[in-house]
Amino acid sequence: MIPFHKTAIVGVIGASLLALSTSALAADTDSSNAALLRLIEQQNAQIEALKQRLGALEAKPATSSVATSDAATTDFDGDDVDQALLDELQAQLASSGSSSGPNWRRGAPLFRSSDNFFSFRPRGRVVFDASTTSGSGFDARNISGTEMRAARLGAEGGMGKMRYKIDVDFADQSTSVKDAWISYGWRSLGMPMEVFVGNKLKDRSIDGSGTLSRQPFMERNAVASVGAAVNGYYGLGVFWKTYGANWHLGLSISGDNLDNAGAADDSIAYSVRAHWNPIKAPQGFAHVGSWYYYEKLGQDVASINNTPRIGQNFNDNLRVSASSIADPTRDEAYGFELGGVYRNFWAFGEYTERRIASKANDRIDRDANSFSAGWLITGEKPGFSSRSGVWGTTRVLRPVTDGGYGAFELAVRYDEYDFRDAPRGGYGERTTLGVNWYLNDWTRLMLNYVDWKTDNKVGSYQGVDDGNSIGLRAQISF
């Protein structure tokens with residue numbers, strides 16, 4: 001919390017207490033001077049106590065686990081303790097008949113009822129991309145263009161221990177519902193727990209579990225795309241999470257996304273993911289994670305043939321061919337995560353293997369590796385949540401909107417796509433260099449340079465091919 005917020009909160013509290021003291025003075029003009037002095041001393045003591053609590057808050061590490069919100073869905077990333085104290089202070093003011101108005105700390109107004117039972121916050125996201133590809137031996141791959149990657153509106157809120165969220169995206173000239181769920185939170189065995197019902201982003205891998213608008217690269221890594229189940233990143237079902245001081249555990253049972261036509265059974269995915277911080281200190285933390293899912297395939301799944309993009313999202317011709325697997329009978333995948341954060345540096349590695357069995361083949365394996373690292377050269381802490389194991393908000397120390405120069409980040413990543421266990425499976429690899437400029441906590445500009453190579457055995461672009469792609473992004477997310 002920056003000093004302005006501290007001063008503003010103390011100012012609001014002081015003004016409220018002053019109003020109360022004025023009312024007391026008018027109502028009891030015959031009171032003795034000694035009684036008035038005692039009242040003023042009590043009010044000064046309250047203000048001083050609140051100042052001390054705010055000061056203690058600023059001194060705490062930004063990895064506390066007070067609240068029960070899910071960083072993957074609500075973009076909490078270590079600031080839950082700040083929000084909990086602000087909520088408490090607002091409740092104190094509300095009990096005295098005063099109100100501090102909506103809280104704008106997360107880029108949009110957060111409204112709360114006087115008793116803090118109801119809350120409501122609008123959400124939104126605008127992401128504009130431009131990209132160009134050159135160097136390919138196939139002219140159809142050397143294309144340039146622009147796209148509205150995301151144009152999203154939604155809302156989230158709560159009713160006591162219940163929460164809800166809905167996000168609708170209008171990009172690519174189509175309307176699609178992303179998150180649409182309700183949840184209930186409680187504490188058991190001394191730990192916060194929460195169960196979600198509805199359409200939700202699955203807890204699977206680092207990049208696969210978090211929203212793309214918070215991640216340091218324009219596209220998700222190879223592990224997220226290769227390890228995805230048939231029913232995709234989102235699923236309609238039941239999700240459960242619990243958190244400890246340095247770990248989290250998530251379980252889910254989810255079917256197809258909201259677009260299932262209802263003419264066949266859903267493909268049902270049973271998933272689990274957990275992470276642990278064996279080292280956790282004010283300067284940083286180490287991250288160890290793992291996940292697994294088993295997918296019971298629906299009757300309408302005649303084949304499995306994911307062909308992930310290896311460049312920017314706009315270029316639909318730049319993919320790695322996995323070779324189709326007909327008549328699949330079993331689909332499962334597992335993955336490992338390792339990395340950490342130290343001051344303004346971060347590094348993570350991921351691996352996944354997806355196993356697909358079919359009537360024609362005993363089993364086909366698809367593998368992917370990803371290694372990435374970054375440096376926030378302006379001194380900010382990386383926006384990675386040690387609490388949920390996903391990317392969250394990077395808190396900018398000197399926002400452009402406050403007269404500063406923002407935050408600058410350099411990032412590099414290597415991805416490998418290996419489908420060669422299949423007779424006609426392809427192979428791909430890419431190296432991405434990224435520069436991110438965070439104008440404030442909600443706005444950033446991105447530049448990605450991708451050096452890629454593919455070796456496809458099927459499709460329109462067979463054989464070894466290489467080239468490079470450049471992507472630009474402007475986004476605001478609140």
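**Buried charges and strand pairing in the predicted chain**

Glu-353 is buried, with a relative accessible area of 10%. Here buried stands for under 20% relative accessible area, exposed for over 50%, and partly exposed for values in between, with a 1.4 Å probe and protein chains only. The structure is a predicted model, in which local features need pLDDT of at least 70 and side-chain atom pairs count only at pLDDT 80 or more, while totals for chains, interfaces and linings use all residues. Residues are numbered from 1 along each chain as its sequence is written, and side-chain values use heavy atoms, with hydrogens and water left out.

The side chain of Glu-353 meets that of Arg-355 in a salt bridge with an N to O distance of 2.8 Å. A salt bridge is defined as a side-chain nitrogen of Lys or Arg within 4 Å of a carboxyl oxygen of Asp or Glu. In contrast to the buried Glu-353, Arg-355 is partly exposed, at 25% relative accessibility.

The chain has 478 residues, of which 50% count as buried. Its accessible surface comes to about 21100 Å², and carbon and sulfur atoms contribute 60% of this area; accessible areas were computed by the Shrake-Rupley method with a 1.4 Å probe, and for residues only the protein chains shown count as cover. The chain contains 6 helices and 22 strands, taken as DSSP runs (helices H or I, at least four residues; strands E, at least two) and numbered from the N terminus. Among contacts with a separation of 6 or more, 61% are between residues 24 or more positions apart, a contact being heavy atoms within 4.5 Å.

In the whole structure, 27 salt bridges were found. One of them joins the side chains of Arg-152 and Asp-169 at 3.3 Å, N to O. Arg-152 belongs to strand β3 (residues 144-159) and Asp-169 to strand β4 (residues 162-169), so this pair ties together parts that are 17 residues apart in sequence. Arg-152 is buried at 10% relative accessible area, and Asp-169 is likewise buried, at 5%.

A salt bridge also links Asp-203 and Lys-241, with 4.0 Å between the closest N and O atoms. Asp-203 lies in the loop between β6 (191-201) and α5 (206-209), whereas Lys-241 is in strand β7 (residues 234-243), so the pair ties together parts that are 38 residues apart in sequence. The relative accessible area of Asp-203 is 11%, which is buried, and Lys-241 is buried at 6%. Elsewhere, a network of salt bridges links Arg-106, Arg-121, Arg-123, Glu-156, Lys-165, Asp-167 and Asp-179.

Asp-331 is located in strand β14 (residues 328-342) and is buried, with a relative accessible area of 0%. Its side chain makes a polar contact of 2.9 Å with the side chain of Arg-354. A polar contact is a pair of N or O atoms within 3.5 Å; within protein, one must be able to donate a hydrogen and the other to accept it, and residues adjacent in sequence count only if both atoms are side-chain atoms. Beyond its neighbours within four places in sequence, Asp-331 is in contact with residues including Ala-229, Tyr-293, Glu-295 and Arg-355.

Strand β14 runs antiparallel to β11, to which 12 bridges join it; Ser-290 stands opposite Phe-336 in β14. Strands count as paired if DSSP finds at least two bridges between them. Strand β11 (residues 284-296) also pairs with β9 (residues 268-276) in the antiparallel sense over 9 bridges, and Trp-291 in β11 is the bridge partner of Arg-273.
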